[in-house]
Structure formats: structure tokens, C-alpha cells
Amino acid sequence: MDDPYWTELASPVGPLLLTADADGALTSVSVPGQKGGRTAPEGLRPDAGPFRDATEQLTAYFAGDLKEFDLPTRARGTEFRERVWTALDAVPYGSTTTYGAIAARIGAPRAAIRAVGGALGANPLLIVRACHRVIGADGTMTGYAGGLERKLWLLRLEGVLGPV
């Protein structure tokens, strides 16, 4: 099995399912009902041990005390997706960007905006890799694999839309 470790963490946006690889690197953060989200691996019991740092940092983030995650992660994706995710990592806490800006940042043509959206939708590290910070060019709150209510909540937490 690629990701032998998992645990659940209660959060203000619902229970989070965290998975990690054999080295303890975080491979996913999912929420219930997430498009393409993970489920608990069958036959394996949860093991919170490899997730101490992730639990502490996520708890601090939700309390408003952490602005940037510092965790070993290992997300798997195509080369294009990984370029999009790297560009996403540069979007700071409390700010937003657009799909077009992400496309420009990775040197993709404007026509690649849909592909950027697909890469963001496939982001396995919700919250930790903050795809909730990407909005439409006209300021609209566009799709979020974890659901628009969660996206709005996270943006409020970060002060983008006012208080939570």
C-alpha cells in the first residue's frame, strides 16, 4: 500500500482524513464529500503517530495562529499538476489569486485556465496546499473540491472575506 498511515482530525470544516506514506510524509488531507477525496484505507487501523506535526499545525491554523504550514508532503500528480501546485504554494495566507494568474506564473497560455482548474481540483492536500485561495477573475467564488461553504469559511478565517 502506498499510504499505510491515516488518521482523522476534527476541524471546524468537518472531519479531516489525513494519509501519509511509509516515510511519514503527508500525502492527502480530505473532507467528507470531497470530489476525488480519499477514504480511510480498508484493513488498516488509524495511527495518529505520524501526524503529530500535521495535527498541531492544522489546529493552530484553525485557531488563527498559523499562517504557513511547514510539513513534509508528498503529493503525486502529473508534471503539469505539480507545477500548478508549486505555484499555488506561493500564494500567501490572507490573499487570493486567479486561475489566469496561476497559468501565467507557470508559463502556460491563457487557454490553459481550465487545465489549471482541473489541477487545483485534483489537489490532494486541501487546506495545507491552499487551493481555496484561487477565485474567478471577476472575484467570484468558483468551485472548490471541498465544497463552496468550506472555501468561504477558510477565506473568512484568513481575513479575505471578513470574520468567521
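This briefing walks through the strands, the salt bridges and a charged surface patch of the structure above.

The model is predicted, so local features need pLDDT of at least 70, side-chain atom pairs count only at pLDDT 80 or more, and totals for chains, interfaces and linings use all residues. Residues are numbered from 1 along each chain as its sequence is written, and side-chain values use heavy atoms, with hydrogens and water left out. Helices (H or I, at least four residues) and strands (E, at least two) are DSSP runs, numbered from the N terminus.

**Strands and hairpins**

- Strand E1 (residues 5-9) pairs with strand E2 (residues 16-20) in the antiparallel sense, over five bridges; two strands pair if DSSP finds at least two bridges between them.
- Within this pairing, Leu18 in E2 is the residue that stands opposite Thr7.
- A hairpin is formed by E1 and E2, with six residues between them, and Gly14 in the turn has a positive phi of about 105°.
- On to the next pairing: E2 also pairs with strand E3 (residues 26-30), in the antiparallel sense and over four bridges.
- Here Thr19 has Ser28 in E3 as its bridge partner.
- The hairpin of E2 and E3 has five residues between the strands, and Gly24 takes a positive phi near 90° there.

**How E2 is covered**

- Five of the five residues of E2 are buried, where buried means under 20% relative accessible area, exposed means over 50%, and partly exposed lies in between (1.4 Å probe, protein chains only).
- Leu16, Leu18 and Ala20 are buried on one side of E2, and Leu17 and Thr19 are buried on the other, which leaves both faces covered.

**Salt bridges**

- The structure holds five salt bridges, each being a side-chain nitrogen of Lys or Arg within 4 Å of a carboxyl oxygen of Asp or Glu.
- One of them joins the side chains of Asp21 and Arg74, at 2.1 Å from N to O.
- Asp21 lies in the loop between E2 and E3 and Arg74 in the loop between H1 and H2, so this pair ties together parts that are 53 residues apart in sequence.
- Asp21 counts as buried, at 4% relative accessibility, while Arg74 counts as partly exposed, at 36%.
- A network of salt bridges links Asp21, Asp23 and Arg74.
- Another salt bridge is formed by Arg129 and Asp89, whose closest N and O atoms are 3.0 Å apart.
- That pair links distant parts of the chain, with Arg129 in the loop between helix H4 (113-121) and strand E5 (134-135) and Asp89 in helix H2, 40 residues apart.
- Arg129 counts as buried at 11% relative accessibility, whereas Asp89 is partly exposed, with a relative accessible area of 45%.
- Glu158 and Arg133 form a salt bridge too, their closest N and O atoms being 2.8 Å apart.
- Glu158 sits in the segment after helix H5 (148-157) and Arg133 in the loop between H4 and E5, so to speak two distant parts of the chain, 25 residues apart.
- Both Glu158 and Arg133 are buried.

**A negative surface patch**

- Asp53, Glu56, Glu68 and Asp70 form a negative surface patch; patches are made of residues with over 30% relative accessible area and no salt bridge, with like charges joined within 9 Å and nonpolar side chains (Val, Leu, Ile, Met, Phe, Trp, Tyr) within 5 Å.
- Asp70 has its place in the loop between helix H1 (52-62) and helix H2 (79-89).
- Asp70 is exposed, with a relative accessible area of 65%.

Methods
Areas by Shrake-Rupley, 256 points an atom, 1.4 Å probe, with all protein chains shown as cover. Lys, Arg positive; Asp, Glu negative; His and termini not counted. Charge placed at Lys NZ, Arg CZ, Asp CG, Glu CD.
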